[in-house]
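Please look over the sequence and the model first, and then read on.

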Amino acid sequence: MADSAAALTEDRFTDEPPSLRWRLIALSFLMLFLELAMIRWTAANNVHLAYLTNFVLLASFLGIGIGFLRVHAEPDLFPFTPLVLGVLIAFVTVFPVKLVTFTTSSALEGAFGWSPLPRWIGLTVIFGLTVALMACVGHGVARTFIQFEALEAYRLDILGSICGIVVFSTLAFLQTPPIAWGLIVTVLLCGLLWRRLHLLGLGFIVLLAVASFQSNDYWSPYYKVTAERSATATVGGTTTHDVLTLSANNIPHQTAYPIETLLEIEPFYAFPYRHLDGPPERVLIVGAGNGNDVAVALAEGAKHVDAVEIDPVIQSLGSQYHPSHPYQDPRVTAHINDGRAFIEQDNGKYDLILFALPDSLTLFSGQSSLRLENYLFTTESMRTVRERLAPGGSFAMYNYYEPFLLDRYATTLDAVYGSAPCVELGDSLAERQQAVLVAGGGATRNCATPWSGTRVSSPTDDYPFPYLETHAIPTFYWHTLLLMLGASLVLIRVAGGRFRSMARYTDLAFMGAAFLLLETKNVVQFALLFGTTWFVNSLVFAGVLLSVYLAVETARRVDLPHPRRLYPVLLGLLAVAWAVPQDSLLSLSPVPRFVAAVALAFGPIFVANLVFAQRFRDAGSATTAFAANLLGAIVGGMLEYISLITGYRALLVVVAVLYALAFVVTPRAALTGRFSVQ
């Protein structure tokens with residue numbers, strides 16, 4: 001009788017019409033696509049989110065989890081998706097937060113010159129609307145999810161997610177504006193909702209169109225870049241012509257001046273060349289941006305300049321509109337790449353290597369606390385830079401530094417080059433001091449002020465956080481995380497019912513937390529090994545999803561060992577990943593480095609998902625189990641900030657502890673049962 005019942009259950013699932021399968025894939029695509037789009041959209045319009053990119057990510061996880069917990073509840077929330085999305089986009093559009101100056105107390109501004117909303121109000125509303133939006137979408141996914149056998153539903157969900165990351169990455173490559181994202185979402189909603197689509201919800205298309213067709217806005221894979229050109233401008237009492245000003249995600253970023261004006265109002269650009277014997281043969285500029293530094297190098301007689309810039313839109317705008325047209329000079333070769341990756345891959349020798357104001361103003365997208373330039377400033381990076389200098393060559397870097405940051409970089413250069421760097425100070429900006437640091441063979445030439453400050457710990461590839469004064473979680477971060485955790489508990493209890501319903505899936509919650517941390521570790525590891533670029537980031541996320549998909553397919557088709565045998569394999573792979581030094585991979589050539597990185601990163605993910613797939617397949621309620629896993633991922637996203645204290649390598653220890661806890665609390669039947677092919 002039991003076999004007959006199992007057969008009937010299997011027939012029910014395997015006979016689902018293809019249209020239902022495509023519906024689940026489309027819903028899962030929409031869910032991930034919206035999540036990625038909202039992360040980009042909100043950060044581009046509210047500067048408070050520039051350094052808290054996982055704020056929207058964790059709100060999305062919470063909303064999806066609530067949607068799955070309410071799978072059997074009425075009403076159906078999915079038809080409200082367009083309306084909630086419209087309200088969210090309207091709020092972000094009407095109440096943006098811009099940074100307009102670095103020098104006054106009223107530095108922030110809203111739309112139309114208004115004062116911005118207080119930070120706690122703006123972030124609270126964005127958090128609540130994001131949770132509501134993703135709860136609506138998650139409810140639609142969950143209602144389709146339960147119509148399939150658990151692993152089949154999960155497989156289709158992963159397929160949709162893979163498509164979502166591929167399409168969004170393609171749009172990033174094509175530098176499309178938000179209207180393109182909105183049109184894709186609209187087409188999906190029209191197909192999924194049919195006549196139930198609320199026309200008022202389509203108003204968000206109008207809002208996105210207005211935002212997308214601003215003539216001076218450009219959408220790179222990293223920023224909303226706002227370019228303004230002035231026929232004349234007065235700077236420091238001097239009237240100049242043809243000035244290009246760039247903002248990134250509502251933050252003033254760069255200004256391109258004619259070379260004569262630049263050297264008059266910002267003479268520090270020429271300071272590094274004082275320490276050379278003569279005009280340099282080859283110059284490497286990392287953070288070339290709009291081309292100011294390239295123009296200075298050419299004016300100083302450089303015979304060849306390699307200009308490295310990570311953002312293709314900023315480089316393109318500089319190429320078109322810089323008044324001195326440095327990128328059009330035949331002596332210049334532009335490289336769109338991450339600076340650290342270029343330095344590791346290049347074997348050339350340079351008379352001058354320059355880190356030219358490489359301040360990204362944003363975090364690396366995804367579950368990462370990295371800024372795009374963090375790996376440039378580590379001790380290991382500086383050692384590689386030294387290897388790229390020609391005999392007698394110099395390294396220089398300049399920016400507006402806080403006192404501890406100036407000492408940190410000077411300490412690093414002192415340790416790498418064996419002597420104190422030369423420090424030349426300029427103007428002050430708020431609490432920061434303009435400074436040029438020069439080290440290397442030519443640093444002692446014409447140096448009147450060797451550094452003599454306080455020695456400060458140097459950033460490393462394991463702890464690449466130069467902007468943190470101490471190994472600690474900044475107050476704003478942990479306050480925000482505590483508030484998010486409290487709000488999550490309240491919303492789950494109110495919208496999702498009693499916690500008791502999820503208690504039997506505590507192991508899946510631990511797995512969710514561990515998996516998100518493991519994914520974070522892979523993101524930062526690949527960023528170090530292959531570059532902190534959007535393309536590498538997309539490949540890692542796609543690789544993670546593909547590993548999950550392969551694990552699910554394996555679990556569906558292969559008679560797997562007991563989970564109690566797989567857990568030791570998983571913990572062993574984590575131990576190997578912890579034991580292998582990252583710099584040992586950096587020393588490998590690209591192909592062996594890629595193979596080793598994939599094995600170390602995706603081996604644990606694959607085995608972890610074999611364990612998850614077995615447990616998930618046997619879950620009594622697939623939607624509740626999935627919700628528990630997602631809500632555990634929220635905790636994992638919060639635990640990521642431990643890396644600000646310990647560094648990234650220690651996250652593997654936390655991952656191992658979480659998986660060990662998952663093993664301990666897994667129901668005995670799930671650990672000892674034998675799962676066969678279905």
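## A serine in a loop

Serine 621 touches Arg504 and Tyr505, where residues up to four places away in sequence are not counted and a contact means heavy atoms within 4.5 Å. This serine 621 lies in the loop between helix H21 (590-617) and helix H22 (622-639), and with a relative accessibility of 18% serine 621 counts as buried, a word that stands for under 20% relative accessible area, with exposed over 50% and partly exposed in between (1.4 Å probe, protein chains only).

## Model and confidence

This is a predicted model, in which local features need pLDDT of at least 70 and side-chain atom pairs count only at pLDDT 80 or more, while totals for chains, interfaces and linings use all residues. Residues are numbered from 1 along each chain as its sequence is written, and side-chain values use heavy atoms, with hydrogens and water left out.

The protein has a mean pLDDT (the predictor's confidence in each residue, from 0 to 100) of 86, and 89% of its residues reach 70 or more. In residues 1-14 the pLDDT is below 50, and this stretch has 9 contacts in the model beyond near neighbours in sequence.

## An open sheet

An open sheet with mixed pairing is formed by 7 strands in the order S9-S8-S7-S10-S11-S13-S12; strands (E, at least two residues) and helices (H or I, at least four) are DSSP runs, numbered from the N terminus, and two strands pair if DSSP finds at least two bridges between them. Strand S9 (332-336) and strand S12 (422-429) each have a single partner strand, so one side of each is left without a neighbour in the sheet.

Strand S8 (residues 304-309) runs parallel to S9 and is joined to S9 by 5 bridges, and valine 308 stands opposite histidine 335 in S9.
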